[in-house]
Amino acid sequence: MYKKYIIGIVISNKMNKTITVAVQNRISHTKYKKITTRTNKYYAHDENNICNIGDTVKIQPYRPISKKKRWILIEKILKK
């Protein structure tokens, strides 16, 4: 069973049934060993429009729903 998921913060909920989730990853440079933060944005399907800006959510890959939406909301972990 496919259990991959990502935890991120909701940065936009202006679209109907869609949220934008920002996920931050800490990457170490291979040569200089400096740690940098990279941010990726994902569009996720929010069926009931329950998320607000600043909420921490768990999202999971899903079949393509639209041109950019390939993730689905699993649960809302923390409210702002």
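Predicted model: local features only at pLDDT ≥ 70, side-chain atom pairs only at ≥ 80, totals over all residues.

Trainee: OK. Is Trp-71 buried or exposed, then?
Mentor: Trp-71 has a relative accessible area of 12%, so this residue is buried.

Trainee: Switching to rings. How many aromatic pairs does the structure hold?
Mentor: One. Tyr-42 and Trp-71 form that pair.

Trainee: What's the geometry of Tyr-42 and Trp-71?
Mentor: Tilted. The centres are 4.8 Å apart, with 55 degrees between the planes.

Trainee: Which strands does the pair tie together?
Mentor: Tyr-42 lies in strand S3, residues 35-45, and Trp-71 in strand S5, residues 69-78. The pair therefore links parts that are 29 residues apart in sequence.

Trainee: And Lys-58, where does that lie?
Mentor: Over the face of Tyr-5, at 4.4 Å from the ring centre.

Trainee: Which residues form the nonpolar patch on the surface?
Mentor: Tyr-5, Ile-7, Ile-74, Ile-77 and Leu-78. Together they have about 470 Å² of accessible area. S5 gives the largest share of the patch, three residues.

Trainee: Take Ile-77. How does that count for accessibility?
Mentor: Ile-77 sits in strand S5. Its relative accessibility is 41%, so Ile-77 counts as partly exposed.

Trainee: Last one: Ser-12. Buried or exposed?
Mentor: Buried, because its relative accessibility is 18%. Ser-12 is in strand S1, residues 6-12.

Trainee: What does Ser-12 touch?
Mentor: Leaving out residues up to four places away in sequence, Ser-12 touches Thr-18, Ile-19, Thr-20 and Ile-53.

Conventions: Residues numbered from 1 in each chain as written. Heavy atoms only, no water. Helix = DSSP H or I, 4+ residues; strand = E, 2+ residues; numbered from the N terminus. Buried < 20%, exposed > 50% of the residue type's maximum accessible area, 1.4 Å probe, protein only. Contact = heavy atoms within 4.5 Å. Phe/Tyr/Trp six-rings, centres within 6.5 Å; stacked < 30°, edge-to-face > 60°. Lys NZ or Arg CZ within 6 Å of the ring centre and 35° of its normal. Patch = residues over 30% accessible without salt bridge, like charges linked within 9 Å, V, L, I, M, F, W, Y side chains within 5 Å. Areas by Shrake-Rupley, 256 points an atom, 1.4 Å probe, with all protein chains shown as cover. Salt bridge = Lys/Arg side-chain N within 4 Å of Asp/Glu carboxyl O.
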